[in-house]
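This report describes how the parts of a predicted protein model meet one another. The sequence and the structure are shown first, and the account of the interfaces follows.

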Amino acid sequence: MTATAAQARAPTFFDEVVQATPGGPIHLELCLQCGTCGGSCPSGPDMDHTPRALFAMISAGMREKVLSSNTPWYCVSCYYCMVRCPQEIHITDLMYTLKRMAIKEGFYRKSSAAGAPGFSQTFIDYVENYGRSFELGLATRYHLSHHPLDTVKMATFGLGMFRRGRVDLAPKRIKRVDELKAILAKAKEIGGEE
Amino acid sequence: MKYGYYPGCSLERNARAYHQSAMAVTKPLGIEFKVVDDWNCCGATEYIAINRLAAYALVARNLALATKQADNGHQLVAPCSACFLNLSKAEYYLSNSPDLAADVNLALEAGGLHYTPGHLRVRHLLDIIVNDVGHDAIAEKITNPLKGLRVAAYYGCLIVRPAYQGVFDDPEYPITLDKLMKTLGAEVVDFPLKANCCGGHMTQISEPVAFDMIHRIIKNAADYQADIIVTVCPMCQLNLDAYQDAMNKFFKTDYHVPILYFTQLIGLAFGMAAKDLGIGKEFVDARPALAKIGIEVPEEEAPKKKKPSKEALPMPSMPEEG
Amino acid sequence: MSEERVGVYICHCGTNIAGTVNVEEVSHWAGEQPHVVIARDYKFMCSSLGQELIEQDIKEHGLTRVVVAACSPHMHEKTFRGATERGGLNPFLFEMANIREHDSWATNDKEMATQKAKALVMGAVERVVHHQPLEPLPVDINPNSLVVGGGIAGISAALELANAGYHVYLVEREPSIGGHMAQLDKTFPTLDCSACILTPKMVEVGQHPNITLLSYSEVENVAGYIGNFTVTIRKRARYVNESLCTGCGICEEKCPRKVIDEVFEAGLSFRKAIYRPFPQAVPKFPVLDVANCTYFERGKCKACQIFCPTEAIDFEQQDQLIQVQVGNIILATGFDLFDARRVPQYGFGRLANVFTSLEFERMVNASGPTGGKIVLRDGTTQPESIAIVHCVGSRDKNYNEYCSKVCCMYSLKFAHLVHERVPNAEVYNFYIDMRTPGKGYEEFYHRLLHEGTHFIRGRVAEVTDSARMPGEEGKLIVQAEDTLIGKQRRIPVDMVILSTGLEARHDSKEISLLFGMGCDFDGFFVERHPKLDPVATMTEGVFIAGACQGPKDIPDSVCQGAAASARVSSLISRGTILMEPVRAHIEAESCSGCRICNNMCPYNAIVFHEDTKVSEVITALCQGCGTCVAACPSAAITGAHFTNIQVLSEIEGILWDVRERVAVPV
C-alpha cells in the first residue's frame, strides 16, 4: 500500500538519537530488551542504568533522565555488547551519540560523571590545535580543573612516567595544522556542531 | 612487503618501546613501512564523544594522506588497537554510507584532500606479522627461543571487536597471538580473560571501576601462573603496567606481573638486546621474568595435568586448539 | 482468425478494485472492443451468483471464450475455470486479468488505475481468442509409499499409512529407528518416559506386515514423478547376517574397541566398534563401524565373529542397492542440534561443567552413561547449583534468527528433573521470554515456579571460571543482567546447561535436491503454503513432516506425520489423479537433437532418445516453467497454454493504446 501520509510525524527522542548516529542502520527499534548488553558490560554494575534500561527509557522518550545518566560516560568502548547483541544493534555508537547529546544539552552536569566530558574536551583541544594528543597537558589541565586535590598523587605518577622517558614535556605538532583546522571547521559547519 | 604505516600518538613517547621493538623486528621480516606523511591523531575514544562529523573527518584526513602515497600496497597498518579501530571503523562506515562519505569528503576538500572509500585496507600490526609473514618465516629468525617463559597473551578489545574490515580473529576467543608466542618457544597460558577490556580511559573517569578492570585481568593471568603478560596496544600496556601499583594498593594485593609488547618478545627471540627493544621502560620490572628464559624447568615443578578418572564423562571434541 | 465470442467480467471486489478503478467505465469500454460480445461489471464475481452469471451467459449468448478481470489467478483461477466448465466450455478457454494485486492495490491514482485495467483486460481478450482446449493428464498412483526418516514423525506417518492397508518403505539412516526422541528421558509437559511411549510404536513398525523397514540405509537416487517414483536405496552393510542374528549382544560385549558415541550418547559415553545404539533398538541387529574396527584396520581380532553363537558376522558383506517403486514420498528427516562451540563466551568445550541439552538428556536418562544420576564432568560429584541458559544459538542474528520453539519447555523440564533428583539444588533458569503455548505448557511453568526454581529474566552474557568475588572461586559464574531489577548479576553455580536451539539437518540442502524440492534460508524444507498447507511441497508427490519443516515438539511432529499420510492416503484412494496440462511438448520433427534443453530443465523432465536422436518431455514431470521453450534454437518446443501467439497477442493487447506506434512482429 502506498502511503499518502496525512501529516509527517514529528521526530521523537528515539528518532533523534538514531538519526544522530552514523554508520547505520542502527537497528535500535529491534531491541528485545534481552539484557545481553547489560550482562556483558564490564562497567555495568557501576552504571546508573544498564545499556538495556537506557534503551527502554529512550523508547519511552525520557530525554532528561537518559541524558543525565552516567551510563554513556562509564562506557569503555569494549564493544562486547555490540558484538553479542542478538539484534545487531550498534550499541557503542549509540553511547557516543548520547555523550554528544548530553554535552550539547548540558544534562551531563546532572550525572555522577560530570567531569568526564571535561576530559574529552581537554583532549580534543590539543588535537585541534596541534594535530596530536598531549598527555602531560591533558593530565595536568584535567586534574587541576576537576580533581585539584589529586594533583599531588598524579604528580608522583607523572614523575614515574617522566623518569622512564614515557612523557613529552612539550606537545608535538603536525606540519599542516591549518589544513587540519580548515577540515575540522568545515566538518563542524556541515554537521551542525560547534 | 610494503605497507602504509600509521604510528599513532602513543608510539611517539608513551609507547616508544613498542615503536622501537616494532621497527627492530619488522625489518628482518622483510616488512617495509611508509609512514603516512603528516599524520594526525585519530581521536582515540575522545573526539567522537564531542563531535560526530568532525571525528570522522579527523580520521579520514589520515586515510586521504595515505592514499596520496605510493608504495603502500593500498594497506594501512596501525600498531595501536585504538587507532586500528578508528581507522577501520571510519573506512567501513564511509564505504557503507554514501551520505557520510559525501559529507566527510566535503570537509576534506576544505583542506584540499579527498578519500575514496574502499581504497585502503586497514590492518593491525599483529595481523600482518602473523598472517602475511607467517610462522615459518618468523621461526627461521629465532635464535633465542623463549623456552621457560610462561606468557599470557592479552588482546584487549579493539583488535578483535567489532567485525569491521581488518578483523582477523575471533571476537571472544582469539588465538593469533597465542600461536605467535608458541612459535617463539614460550609456554602460552590460556587465560580466559584474554580479550577482556583493560578499561581504556576509565582511570581518569572513575578509579574504582578502572582498577577493578585492571585487577580482573592481572589476577586471572596470575592465577594461571603467567610470568608475563604480552599486549598489542599502548593503552592496555599503560593501564596494566603503570597503574598496577595503584591497583595493588586499592585491592591490597601484591601482584608483579610485567607487561611487554609482543614485538619486544619477538625481538628477544630474535636475539636482540633488551635495551634496543625498549625493555626497562616498564613500571613493573620485566627482568626477573625474562631471566627465566632458557632455564630448564625441572619435571616436578611443571604443573601436571590430572589424568581423568574412570568415571569421568568425556569432554566434547574441539576444533584445532591454539 | 476465427470469430470468437468473448464474455468479459469486471469484478468490483467490493471496494478493493472499484475503490480505485472505474469498473463501470472499463466494462462499458470492454463491450466495444473486437471479439467482445458481452461485458459486465459485478460486485463479487467469485460469489455463486457471479459464477452463475458466467454459466448463464455462455449458454444464452453462445460465448466461446471467457475473461474475468479481478484478483490474482492464485486466488480464483480455479473458481472461474470451474464456472466456465459448468457453462459447457473447456476450462482452459478462460483467461484472468489481475486488476487487483497488479493494479488497484499498486496505486492510488484512479486515472492511471483505470487506464491500466483497460490494458490488462485488452491483453486478456486478445490472448484468450488464441486459447486451445486442453485436457488434464491422468496419472496412476502407485499405492506404495516411501517414508524417509524413522523418528517420531516418520514413525507416525508410516504407521498411519500401514494401518490404512497401504505398503510403506521406511528408510532410516541410523542403525535403529527412534530418532532424537529415543535419546530423551522424560517428555514435557506430562513427564512421560520417552522410551516408554516411543518403543511400542517402534515395535509396531518393526513388526508391521505393511512396513518394510530399511535401517542403516539412505536414499541414493529418486527418479520419476507423482504416483510413479523409482527410488534407489543403499542398504549399507552391517556386516551382520540379519537372517542369522538373534540379537543376543555377545558380539558387542566381546568387542575390544571402545569409541566415543557421538551420535546417540551425544559424545557423553562410549560404544563398541560393533554396536546397537541403545538396548531397545529396532531392528535388533547390531552394526559394525568399519572405521573403528581392528579387523578392518589391521586384519586382527575378529572377536565378534569368534563368539557369535549363530555365526552371523559376515565381514564380506556388501552394501545393497535396492530399487523400489512408490507413488508418494514423505520426508521426515528431523533436525540437528545447534553447535554450542560457536558461542565461545558460554565456554562449552573449554569449561568442563558446561553441558549441552542433548548431553544432559543422556545424563538424566536411566539407561544413559550415569544411570540417570546428575553429576559433574568428573562423573561422581553431584552439583549443588545448576544454571540453565535459554536461547543458545536461537533468536540471535549472529547465529539463527528464529525461535526454536521447544527450548523453553525442555529447559523447564530440566529444571524439574534437577529438583526431582537433587532435591536441595539451586536451579536458575536464565531466559528472555517464557514461551509455553501448548496444552498444559503454562501449567508446567507454574509447577516449576512452585518447585522453587529461580527465574532470571536476562540473556546470559558469559559463563566464566574467572572468579572476582568471594564465593566464586572454583565455580562457574554465569553473568547476566537481571532485567527485571535492572542490575548485572554474577551467579556462581556448579553446572551450566546450555539450551541449544534446533537447526535443519546439516545436509538438508543435498537431501532436498535429491527429492527435487527446496529449502528455506535456514535449511528447513519449504512447505507449499506456510498457513494452509504445511505438509505438501511444491513438488507433487513429495511431502514433509516433523522437525525437518521447522522446529517443533513431539505432538506437532506426530500431527504432521499423520497429516502427511492422510494426504497420501487420499491420493492413493483416488487411484488416478489429474494433472494440469500446462506443460511443454517437443515437436519431434522439428527437434535437431542439440540437447540444449536437456540440462536446462530444473525438473529433469526431458529425456534424449539415443535411437531417434530427439529429445522428449516427460509430461508428468514437467512443471510448465517454460525454460526449454525459450531455449530451443529450433523453436521445436511449445509450452501448452503459453504458445508464442498467445503471449505475443497478450502483449499487443496490453499496448492497445500505443499500438500504432509500436510494430510487434507476430
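Between domain 1 of chain B and domain 2 of chain B, the count of salt bridges is 0. The count of residue pairs in polar contact between these two domains, with both residues at pLDDT 80 or more, is 9. On the side of domain 1 of chain B that touches domain 2 of chain B, the elements that give two or more residues are helix H1 (16–26), H4 and strand E4 (121–124) of chain B. Of these, H4(B) gives the most, with 9 residues. By residue class, that side of domain 1 of chain B divides into 19 nonpolar, 8 polar and 4 charged residues.

The bounds of the two parts come from a domain assignment, which gives domain 1 as 2–125 and domain 2 as 143–296 of chain B. Their C-alpha centres lie 25 Å apart. In the contact between them, 31 residues of domain 1 of chain B meet 27 residues of domain 2 of chain B. The area that the two domains of chain B bury between them is about 2300 Å², with 68% of it on carbon and sulfur atoms. Within domain 1 of chain B, the residues that lose the most area to domain 2 of chain B are B:Tyr18, B:Val25 and B:Ser81, which together account for 21% of what that side buries.

**Chain B with chain A**

Chain B also meets chain A, through 65 residues of chain B and 63 residues of chain A. About 5900 Å² is buried between the two chains, and carbon and sulfur atoms give 60% of this area. On the chain B side, B:Ile50, B:Arg52 and B:Gln204 lose the most area to chain A, together 11% of what that side buries.

The count of salt bridges between chain B and chain A is 9. One of them joins B:Arg13 to A:Asp168, with the closest N and O atoms 2.9 Å apart. Polar contacts between chain B and chain A amount to 27 residue pairs, both residues being at pLDDT 80 or more. Several helices of chain B give two or more residues to the side that touches chain A, among them helix H2 (47–50), helix H4 (81–96), helix H9 (202–205) and helix H10 (207–223). The most is given by H3(B), with 7 residues. The side of chain B that touches chain A is made up of 37 nonpolar, 12 polar and 16 charged residues.

Where in chain A does A:Ser43 lie? A:Ser43 is found in the loop between helix H2 (36–40) and helix H3 (51–59) of chain A. With a relative accessible area of 0%, which is under 20%, A:Ser43 counts as buried. Leaving aside residues up to four places away in sequence, A:Ser43 touches A:Tyr74, A:Val76 and B:Val209. The side chain of A:Ser43 also reaches the backbone oxygen of A:Tyr74, at 2.6 Å.

**Chain C with chain A**

The contact of chain C with chain A takes 20 residues from chain C and 23 residues from chain A. These chains bury about 1900 Å² between them, of which 39% is on carbon and sulfur atoms. In chain C, the residues that lose the most area to chain A are C:Lys397, C:Glu481 and C:Gln488, together 31% of what that side buries.

C:Glu481 also takes part in a salt bridge with A:Arg52, at 2.8 Å from N to O. Across the interface of chain C and chain A, the count of salt bridges is 2. Residue pairs in polar contact between chain C and chain A number 15, both residues at pLDDT 80 or more. Strand E24 (460–464), strand E25 (476–482) and strand E26 (487–493) of chain C are the elements that give two or more residues to the side touching chain A. Among these strands E25(C) gives the most, with 3 residues. The chain C side divides into 4 nonpolar, 8 polar and 8 charged residues.

**Buried areas of the interfaces**

| Interface | Buried area | Share on carbon and sulfur atoms |
|---|---|---|
| Chain B and chain A | about 5900 Å² | 60% |
| Domain 1 of chain B and domain 2 of chain B | about 2300 Å² | 68% |
| Chain C and chain A | about 1900 Å² | 39% |

Note on methods
Residues numbered from 1 in each chain as written. Chains lettered and ligands numbered in written order. Predicted model: local features only at pLDDT ≥ 70, side-chain atom pairs only at ≥ 80, totals over all residues. Heavy atoms only, no water. Contact = heavy atoms within 4.5 Å. Buried area = accessible area lost by both parts, 1.4 Å probe. Salt bridge = Lys/Arg side-chain N within 4 Å of Asp/Glu carboxyl O. Polar contact = N/O pair within 3.5 Å; in protein donor to acceptor, adjacent residues only side chain to side chain. Helix = DSSP H or I, 4+ residues; strand = E, 2+ residues; numbered from the N terminus. Nonpolar A, V, L, I, M, F, W, Y, C, P; charged D, E, K, R; others polar. Buried < 20%, exposed > 50% of the residue type's maximum accessible area, 1.4 Å probe, protein only. Domains from an automatic or database assignment.
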